[in-house]
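User: I am new to this structure and would be grateful for a guided introduction. May I put a series of questions about the chain to you?

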Amino acid sequence: MSRDAPSILLQRGLFAAAVLVPLLAFAAASWHNRIEVVREAEETIIRTGAVLHEHARKVFETHDLVLGQIDEHIRGLSWDEISSPETSAYLARLNEPLEQAVSIWITDADGIARAGSRPFQPGASAADRDYFRAQRERDAGLFVGTVFKGRVTGISSFAVSRRRTTADGRFDGIIHVSVSPEYFAGFFAQASPPIDHAAVLIRADGEILAREPRREENPPLGPDSPLLREIAREPEGGHFVARSTIDGVERHYAYRKVEDFPLYVGFGVDTDAVLSRWRRNVLVYGLVAGLASLVLLGTSWLALRGFRSERAAHLALRREAEQRAEAEERLRQAQKMDALGQITGGVAHDFNNLLQALSGCLALIDRRAKLPEIRPLIEAGQQAIDRGAKLVQQMMAFSRRQALRPEPIDVRDRVLAMSQLLDRVLRADIPLETEFGPGLWTVEVDPTQFELALINLAVNARDAMPEGGTLAIGAANATLGPGDPSGLTGDFVRLWVSDTGCGMPPEVAARAFDPFFTTKPVGEGTGLGLSQVHGLAHQSGGTAWIESTPGAGTTVVLLLRRSLAPVGAADGAVAPVAAVRRDGRRILMVEDDPVVASTVGAALAEAGYEVARVSTADDALPLLASRARIDLLFSDVVMPGKRSGIDLAMEARRLRPELPVILTTGYSEKVARADGFPVLAKPYRIDDLIRALDAALAVPAVSEEPGRPG
């Protein structure tokens, strides 16, 4: 062997390494990147499908609520009464805030439209529509029909119908909402990532209700279509790769069943679009491999440095992509919760007005009948209204429209009063145990938020014990001195909720209170339960923490600051006032809901007041600016028109500085109280309203014309 043989071998080895090493690295990186690109694309598809599914579920639940509300509204009415313009106006008011609804209709047993949210010709028939025929043949529950072009509106839509039945079980027509496929297509376009995709809303039998991208015609899917085959195999949801029978494009799909409805939401991304990023990366990798070969032919150290730089750049790109994906997911969660909050707040507002009207009617019946035998029935009805008001407060707290109302409570009594509710939240294999220390101090918290926090903790504990276990709730007094690890000093009540579930690892427990952080599968948790618990503790002057060991259960501890006020001494209690002469006192009442205005106005008139009723602030301002005698202004805060009740109160203060003003609302009271106006929370009892009016009029009101000296 010559002297140069080792050098030649080394040179050949370097040449071989310069070619083979970059080639192997190129092939490995390309294959690995393909797997990563496909995995990230599938996660994006599943997340987007979950967002579309949640939106569809809420829309159809809203339709179910609207149909139930209409059915309740017309129950007991004759067809002549249903055919009145008032019923159509009522449907139009319901239709107005529903962006997804084209129109709402009430149809008799012959399929003839009797009332609708849009103008229509008498005799318009829906007898040949599938949503009518299905309900006529049997009670189909909430039936979703196929897409059709409306005879009245001329707009493509599909109907969600509910059967009406007489007392003896005969078919008595239907109520239906015509839903816009364009609304769903528009939402699909907004919620989908900026990549070639297809989103679809279909019935279980393959009828396409909405699709994006839009097509002039959407023939139903046949039983041999990949999506229906996957639905037959996995009815609740899944993901797969297949070629579309509609446009022939291969896509990665995810689909989910809309709970309680025979509907599915599907979302797919074109395979070419998924792999286009990988192809770009392959091109980059090829260039890098070629450069690496040239560099290796020159010097090995330069190749090593290039490899390290490339690897560092690749890791930085991955970190940036992960951070961007996490930010996008939080934004989607926030948008979803905001949409749910708006729907919930709207329903709660309408329910508040219904409760107010019922409360006023009960008060009038009680005052006029004065029969001892109906008194228990009236009290039972008022208790039901109070329970409904509590439910509305919880709904508005969810929608972020309810102000906190802290009041002194007894923790032991409050927890024991919730025991039956907590038992319903838990399963039969999870018993509830309680333990309370002696002489438990009073704390000052919002009772509704306190109960919601316990329910959130109970739900989390239940989910952590799939095989059963024990949930323990306890409380004891605690006095903290300087240097306590919590950073607090003073007297507190220590409340704890413990389970015997799977526990949490330290890294999960450290983030458990973060908003939107959840370990539950996509679509099964908002990540807001524990953050609400943490917020309640801090707003109450305390704190909260988690003690958990994997496999040994979890304990959530809340420190609630002691209150020296006795239980029942909540702020805002109406103090007794001296008797006030009501005869001749004139109340200007501003209320947009005609039923509430009618019942409350009648009750005030019966109590001796003279009542002038208007429906908006714009109607009330001319009266305030005139020389009309007004002794007190009583106004709703939220009403149609350019001005709110607060704007009206401010203008009344300017026009008539001595005029007493009382506002009422079911929304947050903080804004109104910030301007110094007393607020009566809806739904209120008539007796509470009269006491508030008497208190405001106890000081003689100046009711002279504006501009005159008082």
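User: What share of the contacts in the chain with a separation of 6 or more is made by residues 24 or more positions apart?

Analyst: The model is a predicted one. Its chain has 710 residues, and 45% of them are buried. Among contacts with a separation of 6 or more, the share that comes from residues 24 or more positions apart is 66%.

User: How many helices and strands does the secondary structure of the chain come to?

Analyst: The accessible surface of the chain is about 36,100 Å², and carbon and sulfur atoms hold 55% of that area. As for secondary structure, the chain comes to 19 helices and 22 strands.

User: Which residues have the most contacts inside the largest nonpolar core?

Analyst: In soluble globular proteins, nonpolar side chains tend to be buried together. The largest nonpolar core of this chain has 50 residues. Helix α1 gives the most to this core, with 13 residues. The residues with the most contacts inside the core are Phe60, Ile70, Ile106, Phe158, Phe184 and Leu201.

User: Which residues does Phe60 touch, not counting residues up to four places away in sequence?

Analyst: Phe60 is one of the residues with the most contacts inside the largest nonpolar core. Leaving aside residues up to four places away in sequence, the residues Phe60 touches are Leu142, Val144, Phe158, Val160, Phe184, Leu201, Phe261 and Leu263.

User: Which strands do the buried residues of α4 pack against?

Analyst: Helix α4 covers residues 130-137, and its buried residues are Asp130, Tyr131, Phe132, Ala134 and Gln135. The strands that these buried residues pack against are β1 (101-107), β3 (143-149), β4 (156-165), β5 (171-179) and β6 (197-203).

User: How far apart are the closest N and O atoms of the salt bridge between Glu54 and Arg57?

Analyst: Both residues lie in helix α1 (residues 5-74), where 3 residues, about one turn of the helix, separate them. Glu54 and Arg57 are both buried. In their salt bridge, the closest N and O atoms are 2.5 Å apart.

User: Which side chain makes a polar contact with the side chain of Arg211?

Analyst: Arg211 lies in strand β7 (residues 208-212), and its relative accessible area of 8% makes it buried. Its side chain reaches the backbone oxygen of Pro213 at 3.0 Å. Among the residues that Arg211 touches are Ala185, Val200, Ile246 and Arg251. The side chain in polar contact with that of Arg211, at 3.1 Å, belongs to Asp247.

User: What distance separates the C-alpha atoms of Pro235 and Tyr264?

Analyst: Pro235 is placed in the loop between α6 (226-233) and β8 (237-243). Its relative accessible area is 39%, so Pro235 is partly exposed. Not counting residues up to four places away in sequence, Pro235 touches Lys257 and Tyr264. Pro235 and Tyr264 are 29 residues apart along the chain, and the separation of their C-alpha atoms is 9.4 Å.

User: How many disulfides does a search of the whole structure find?

Analyst: A disulfide is a covalent bond between the sulfur atoms of two cysteines. Cys361 is partly exposed, with a relative accessible area of 32%; Cys502 is partly exposed at 48%. For disulfides, the search of the whole structure gives a count of 0.

How values were computed: Residues are numbered from 1 along each chain as its sequence is written. This is a predicted model: local features need pLDDT of at least 70, side-chain atom pairs count only at pLDDT 80 or more; totals for chains, interfaces and linings use all residues. Side-chain values use heavy atoms; hydrogens and water are left out. Helices (H or I, at least four residues) and strands (E, at least two) are DSSP runs, numbered from the N terminus. Buried means under 20% relative accessible area, exposed over 50%, partly exposed in between (1.4 Å probe, protein chains only). Contact means heavy atoms within 4.5 Å. Accessible areas come from the Shrake-Rupley method with a 1.4 Å probe; for residues, only the protein chains shown count as cover. A salt bridge is a side-chain nitrogen of Lys or Arg within 4 Å of a carboxyl oxygen of Asp or Glu. A polar contact is a pair of N or O atoms within 3.5 Å; within protein, one must be able to donate a hydrogen and the other to accept it, and residues adjacent in sequence count only if both atoms are side-chain atoms. A disulfide is a pair of cysteine sulfur atoms within 2.5 Å. A nonpolar core is a set of buried Ala, Val, Leu, Ile, Met, Phe, Trp, Tyr and Cys residues joined through side-chain atoms within 4.5 Å.
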